[in-house]
Amino acid sequence: MLVGASLVTHPLAWWANRGLVGVFGFEVRAAIVETAVVIVEGVVLRGGLRLGVLPAFATALVMNAASFGVGLWMITHRG
């Protein structure tokens, strides 16, 4: 279910990011997209795993913070 939630939101996050490139700078764009992703994944985890509200959204937040952090690290440490 954890991977399934990400599979649902990942393409949407990429499309939203691309669509907002000329509208917002990176920081604002990332905040908007990642907030939306956490909300959607929190709802998916709450329903799919029958978690409470706090555990579902905390899990979504931690998953996305880790993913975002790894992505930033990869971008800034290119060979």
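Modeller: Contact here means heavy atoms within 4.5 Å of each other. This is a predicted model, in which local features need pLDDT of at least 70, side-chain atom pairs count only at pLDDT 80 or more, and totals for chains, interfaces and linings use all residues.

Colleague: Which pattern does the protein follow along the sequence?

Modeller: Helices (H or I, at least four residues) and strands (E, at least two) are DSSP runs, numbered from the N terminus. The protein has 3 helices and 0 strands. Its C-alpha trace spans about 40 × 30 × 20 Å along the principal axes. Read along the sequence, the pattern is α-α-α.

Colleague: What percentage of the residues of the protein count as buried?

Modeller: Buried means under 20% relative accessible area, exposed over 50% and partly exposed in between, with a 1.4 Å probe and protein chains only. The protein has 79 residues, and the buried share is 18%.

Colleague: How far from Glu41 is the nearest side chain of opposite charge?

Modeller: Lys and Arg count as positive and Asp and Glu as negative, with His and the chain ends not counted. Glu41, in helix α2 (residues 26-49), is buried yet has no salt bridge. A salt bridge would need a side-chain nitrogen of Lys or Arg within 4 Å of a carboxyl oxygen of Asp or Glu. The nearest side chain of opposite charge to Glu41 is that of Arg46, at 15 Å.

Colleague: Which residues does Asn64 touch, not counting residues up to four places away in sequence?

Modeller: Asn64 is found in helix α3 (residues 53-76). With a relative accessible area of 10%, Asn64 is buried. Glu41, leaving aside its neighbours within four places in sequence, has Asn64 among its contacts, together with Ala5, Ser6, Thr9, Ala60 and Met63. The residues that Asn64 touches are Glu34, Val37, Val38 and Glu41.

Colleague: What is the angle between the planes of Phe26 and Phe68?

Modeller: Rings of Phe, Tyr and Trp (its six-membered ring) pair if their centres lie within 6.5 Å; planes under 30 degrees apart count as stacked, over 60 as edge-to-face and the rest as tilted. A search of the whole structure finds 1 aromatic pair. Phe26 and Phe68 form a stacked pair, 6.2 Å centre to centre, and the angle between the planes is 15°.

Colleague: How many residues apart in sequence are the parts that the pair of Phe26 and Phe68 ties together?

Modeller: Phe26 is partly exposed at a relative accessible area of 40%, and Phe68 is partly exposed at 29%. Because Phe26 lies in helix α2 and Phe68 in helix α3, the pair ties together parts whose separation in sequence is 42 residues.

Colleague: Which helix gives the largest share of the nonpolar patch?

Modeller: Patches are made of residues with over 30% relative accessible area and no salt bridge, where like charges are joined within 9 Å and nonpolar side chains (Val, Leu, Ile, Met, Phe, Trp, Tyr) within 5 Å. Val8, Leu12, Trp14, Trp15 and Val40 form a nonpolar patch on the surface with about 550 Å² of accessible area together (Shrake-Rupley method, 1.4 Å probe; for residues, only the protein chains shown count as cover). The largest share, 4 residues, comes from helix α1 (residues 2-19).

Colleague: What percentage of the accessible surface of the protein belongs to carbon and sulfur atoms?

Modeller: The accessible surface of the protein comes to about 5,500 Å². The part that belongs to carbon and sulfur atoms is 73%.

Colleague: Arg50 is not a glycine; what is its phi?

Modeller: Arg50 sits in the loop between α2 and α3. At 73% relative accessibility, Arg50 counts as exposed. Its phi is positive, at about 55°.

Colleague: What is the C-alpha to C-alpha distance between Leu54 and Gly42?

Modeller: Leu54 lies in helix α3 and counts as exposed at 67% relative accessibility. Leu54 and Gly42 are 12 residues apart in sequence, and their C-alpha to C-alpha distance is 8.9 Å.

Definitions and conventions. Residues are numbered from 1 along each chain as its sequence is written. Side-chain values use heavy atoms; hydrogens and water are left out.
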